[in-house]
Amino acid sequence: MPEAAHRELTFAQAVREALAEEMRRDSRVCIFGEDVAEAGTPFKVLSGLVEEFGTERVVDTPISEAGFTGLAVGAAMTGLRPVVDIMFGDFITLTMDQMANQAAKVHYMSGGKWKVPMVMRTTLGATRRSAAQHSQSLHAWFSHVPGLKVVLPSTPYDAKGLLKTAIRDENPVVFFEDKMMHHKLKGPVPSEEYTIPFGVADVKRAGSDITLVATSSMVQVALGAAALLEAAGISAEVIDPRTTWPLDEASLIESARKTSRVIVMDEGYGRYGVTAEIAAVIAEGAFYDLDAPVKRMGAMHVPIPFSPPLEDATVPTEQSVFEAAQALCGRS
Amino acid sequence: MTTAAHHPEADSKISVEHWLRMYRQMVSIRLFEEQVNELYTRALMPGLAHLYAGEEAVAVGICEALRPDDYITSTHRGHGHCLAKGASPDRMFAELLGKEAGYCRGKGGSMHIADPATGNLGANAIVAGSVGIATGAAFSAKRLGTNQVAVCFFGEGALGQGVLYEVMNLAQLWKLPVIYVCENNLYTEYTHYSETTAGDIVARGAAFGLHAESVDGQDVRVVHDTATRLVERARQGQGPAFLCCNTYRYSGHHVGDINREYYRSKQEEQRWKSERDPIKLLGDWLSQQKFADSVLFDSIHSQVKSEMEKAVKFAIAAPYPSPEEVEQDVYA
């Protein structure tokens, strides 16, 4: 096996490499955001890009999320392929008109004449001790809006391949990165060119007794829980939809029919969220093959608190998923 | 003050044919809106109709200073902008009636006419909704070196939206070729602008260092002269401008807004119509200069009238889109 096949990158390095490759490939690709240039963002995900591509293409903006997102919509309509950086996912609330009323609707409202090929990169995830306005996972908001595509990579490999696809897509795409993964999660990323299509779920671990559907930050939690379950004699399958829209409904239903038990995990709020949608898809598509109600595990329905023991209680853990899975399999 | 005294320079530069062309365009918008009123009151037009009558000199004076490939963004009161930028009345009416032959295949309607062929990035039904888009189009023009200019039309009601100030800041920082045209027609829906607007309107643009001025929006010669200067300035890389055009909305906020005396008097409306009508003002000047006479004006009116009647007939006879089209063009 060539050495390149064993190359490992962090999640942040994979994101940066995808951006750099697409910027080399297509001069229309440019980045807008707060402290994206010399600072490389507070998360240091973009470090080095301004040195290669210059401040013409890696553009520091004022703290004006609505303004520069709106500017990106217009720039996308008129020949550029902007990638906007919204530092904390909580700040997407400031861009809602630009994304939900403008970017998402321009193509449809114009009868298919104007297109908005832009990407919004932003973050999600709690447990960084950042309190209620820097910790939310709000991807369900965008998943609710026709005209947007929503990507939730869970590994460096997926992050690179999906971001390249996002940049080449002709539609507005929102790309959520778990900020806890940026520098902590490492994984194999081939040096050869590849992309990953949207709407294709990935089985992260095959199993036969229970399906753990997990997104983004919850994939690693699900894999940890699956290891605990294996030791307890339960074979868990972990499947990651990778995009909430388009959603690979067929693969999720197929896995549910195979195992007959399902837990859906997502770090967004459970109420009216991604877990609710996926659970409904599975209930509709696999009802007669299920041996238990579909269980949902998401962030607690509270503003994310600051105090560490309080914050940690809001998010599913390997142990809580392990216990829930055991109960669902009648083993508790 | 005589209107002729304002623009001796413009008078010498612009041919009589050009002024007559603008006269004809203003008549077209006026008679287009009369037909809309008729269609609406006869219940042939679904939805809402916000008429532009009274404000014709703004759209015509500015769009006549633009190249065909220059960009505009428009508003819910956008018929005048779209026509002045070159839209054809038959496809406009078809769109207003929700027909497949409309500019947006019937998916946009009165408030969302968009047309790449005439540089129309779209009318927008969110107040200030297009300020980001126009600024982004100017960013593309500068980045791609196309020498295009973007004009962002909005009413004085948009002065209440924060995103306007975000993008004016960006436009001035990056010296973008965009002109923010504030049409102050005095009423923010049903409320006089003085109740919603603190301070001085022009000072708001000037605060960011934009070249900012205000003009009599009923005098197409002044509007056109000023717009020509500001467009040239922007095209030469001298940056954005803010132009407040003082004008008046003859009708209510929308066609159904009939009893308006609780917010403005009939005498006020009559005064604007008899003393400050943009079509009459240009006609009077053309007559004084012996460039045209009532015979010519009458012939323009009757030509335009029959053109509008023909366009309405086309739209009424045109088929609706087939129901299968509902899911087309959600994504590119």
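User: How is chain A divided into domains?

Analyst: In this predicted model, chain A is divided into domain 1, which covers 3–188, and domain 2, which covers 202–328. Taken over C-alpha atoms, the centres of domain 1 of chain A and domain 2 of chain A are separated by 26 Å.

User: Which elements of domain 1 of chain A give two or more residues to the side that touches domain 2 of chain A?

Analyst: A contact is read from C-beta atoms that lie within 7 Å, and here the contact takes 27 residues from domain 1 of chain A and 23 residues from domain 2 of chain A. On the domain 1 side, the elements that give two or more residues are α5 (139–143), β6 (149–151), α6 (156–168) and β7 (173–178) of chain A. By class, that side of domain 1 has 15 nonpolar, eight polar and four charged residues.

User: How many residues of chain A are in contact with chain B, and how many residues does chain B bring?

Analyst: Between the chains, 35 residues of chain A are in contact with 34 residues of chain B. On the chain A side, two or more residues come from each of α3 (65–77) and α4 (96–109), and α3(A) gives the most, with eleven residues. The residues on this side of chain A divide into 14 nonpolar, 17 polar and four charged.

User: In helix α11 of chain B, which residues are buried?

Analyst: Burial is read from 20 or more other C-beta atoms within 10 Å, and in helix α11 (residues 278–288) of chain B the buried residues are B:Pro278, B:Ile279, B:Leu281, B:Leu282, B:Gly283 and B:Trp285. These buried residues of α11(B) pack against α2 (16–41), α3 (56–63), α9 (220–235) and α12 (294–317) of chain B. Just after α11(B), B:Lys290 takes a positive phi of about 60°.

Terms used: Residues numbered from 1 in each chain as written. Chains lettered and ligands numbered in written order. Predicted model: local features only at pLDDT ≥ 70, side-chain atom pairs only at ≥ 80, totals over all residues. Contact = placed C-beta atoms within 7 Å. Helix = DSSP H or I, 4+ residues; strand = E, 2+ residues; numbered from the N terminus. Nonpolar A, V, L, I, M, F, W, Y, C, P; charged D, E, K, R; others polar. Domains from an automatic or database assignment. Buried ≥ 20, exposed ≤ 12 C-beta atoms within 10 Å, placed from the backbone.
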